[in-house]
Amino acid sequence: EEFALKSEEGPNAGKFYNWTTKTFSPVNEFTAANVYNDTGTTWVVNMTAFPIPDGRYTFFGKVVNFDLRESGWKSRVFRVGQPISVAILNPGHNSGVKQLNAITGTYTEPSGSGAQGGGVKLTFVNGSGQYWNGSQWTGVQSFVIAPIAFGSWSYEGLPASLGDGVYTLSASLTNNAGESTTPVTGVNQITFRVDNGPPTAAITSPGNGVTITTKTLPSFIGTASDGGGIAYVNCFLRRNRDMAYWTGSSWTFDTHGDDDPPVAFLSGSYNSSNGTWSCASTLPVPGSTMENGSYNFIIIAGDLAGNYIQRDAAITLNFHETYTWTGGTMRDADHLNNTNSWNHPGNWSPYGVPGSGDIAIINNGDTVNTAVSRNLYGLEFGAGTIDLSTPGDNVITTTHASKWTGGGFGGVWNIQP
């Protein structure tokens, strides 16, 4: 076998490689020193022993048998160093878009010979396997040309609108020296989804319109789905009295005096395997960091194409701490603190004294004395005695959320509507 190597560009353009001096001979010179010989049915030219600079080359080879009959020269163009390449930048691989106004990308063409056909060859295929030919979709395999300039290319001759679905794009470039780009998935061979509709989403807890009466809020959870995938689920909790938002630790407040507290969103965690989401942030505590009133639990779910949907669950918080009379001071080991006074926090469970927003439960048979009038949300009285007579004229005022099933009451119990 006989082989020869010719440089096609740069300072050695048109010169053949001298395998002895490991340099390039003058232009148009081709001597025996420019021929590399090998024998056998398989052959290898170990180019690590023959350094050549980056650039484009043509490798020639032929077979000569013992009768000096030749096969004729065969050739192959190749490049050392930076290859010819093309990439699609927009749309991105596996991305979602609402519509597409242009397909854009970059290219490298080191030879400077220019592009065959004047640009990048684009093959654009829809979900039905049809090809875009520049004016319509067709079942005939087609391509379009994207003009190139200064390392970039762009194609804008797209359909006026694209239907929802998955599309594929292939970009290739062949220069006038015969070099072609290599297909690379995710770089010049991509898929993307057109998605013109919002995701579907729901708040499954808390339920819309419910009244919450417990000291712990229910889980803030729900579902979300989209054919192209969910990009995010943002959660919000708004206090409707002043339109403040819960941050995870406190409520936002109006710093400018325009009745418009800033919006704060909570962390949402989305599970794509089952289409569920949950609020990962700490929620407020009724009776502590969350007053009674009207609230909206809100989510905004977005897909990969930029579509989004909002869902609200309006709830009412009507929580009232319940204090149960235990008479603890009269039953503990400390005999010096014995008292049946309503006002001693040690006589209630939990420790404290019920106030205007609370419910008091007295049903263990004790006599309970109060020296002042009391305002409660509710009173549940079932056994024992409530004595308001010292010093007298004391009143317990409650709402209708009260009941008296037994025991003696000394004084006035005023039940408001």
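**Strands and sheets**

I looked up S24 and S25, which pair in the antiparallel sense over 10 bridges. Here two strands pair if DSSP finds at least two bridges between them. Strands are DSSP E runs of at least two residues, numbered from the N terminus.

I noted the ground rules next. This is a predicted model, where local features need pLDDT of at least 70 and side-chain atom pairs count only at pLDDT 80 or more, while totals for chains, interfaces and linings use all residues. Residues are numbered from 1 along each chain as its sequence is written, and side-chain values use heavy atoms, with hydrogens and water left out.

Back to the pair. I found Gly293 bridged to Leu317 in S25, and Phe297 bridged to Ala313 in S25. S24 and S25 form a hairpin with 4 residues between them. Gly306 in the turn has a positive phi of about 95 degrees.

Which strands make up the open sheet, and in what order? I read S18-S25-S24-S20-S21, 5 strands with mixed pairing. Strand S18 (211–212) and strand S21 (244–245) stand at the edges with a single partner strand each, so one side of each has no neighbour in the sheet. S18 and S25 run parallel, joined by 2 bridges. Ile212 has Leu317 in S25 as its bridge partner.

I then found an open sheet of 3 strands, ordered S30-S33-S36, with parallel pairing. Strand S30 (374–375) and strand S36 (412–415) are at its edges; each has a single partner strand, so one side of each is left without a neighbour in the sheet. S30 pairs with strand S33 (residues 395–398) over 2 bridges, in the parallel sense. Asn375 stands opposite Thr397 in S33.

**Cores**

Which residues have the most contacts inside the largest nonpolar core? I listed Phe220, Trp277 and Ile299, in a core of 27 residues. Such a core is a set of buried Ala, Val, Leu, Ile, Met, Phe, Trp, Tyr and Cys residues joined through side-chain atoms within 4.5 Å. Strands that each supply at least two residues of this core include S20 (230–239), S24 (293–303) and S25 (308–317). Another core, of 25 residues, lies apart from it, with Val97, Tyr155, Leu158 and Tyr167 among them.

I checked Ile299 for contacts (heavy atoms within 4.5 Å). Leaving aside neighbours within four places in sequence, its contacts include Phe220, Val233, Trp277 and Ile309.

How much space lies in the largest pocket? I noted about 200 Å³. A pocket is an open set of points on a 1 Å grid over the protein atoms alone, where a 1.4 Å probe fits, with protein on both sides within 12 Å along at least five of seven lines; lining residues have an atom within 4 Å of a point. Of its 11 lining residues, Glu1, Asp38, Thr39, Val64 and Asn65 are the closest to its centre.

The second largest pocket has a volume of about 150 Å³. Its lining includes Lys215, Met290, Phe319 and Asp358.

Where is Asn337? I found it in the loop between strand S26 (322–325) and strand S27 (348–349). Asn337 counts as partly exposed because its relative accessibility is 21%. Buried means under 20% relative accessible area, exposed over 50%, and partly exposed in between (1.4 Å probe, protein chains only). Leaving aside neighbours within four places in sequence, Asn337 is in contact with Thr329 and Asp332. Asn337 and Thr399 are 62 residues apart in sequence and 32 Å apart in space, C-alpha to C-alpha.

Definitions and conventions: Points joined across faces, edges and corners; volume = space filled by probe spheres on them.
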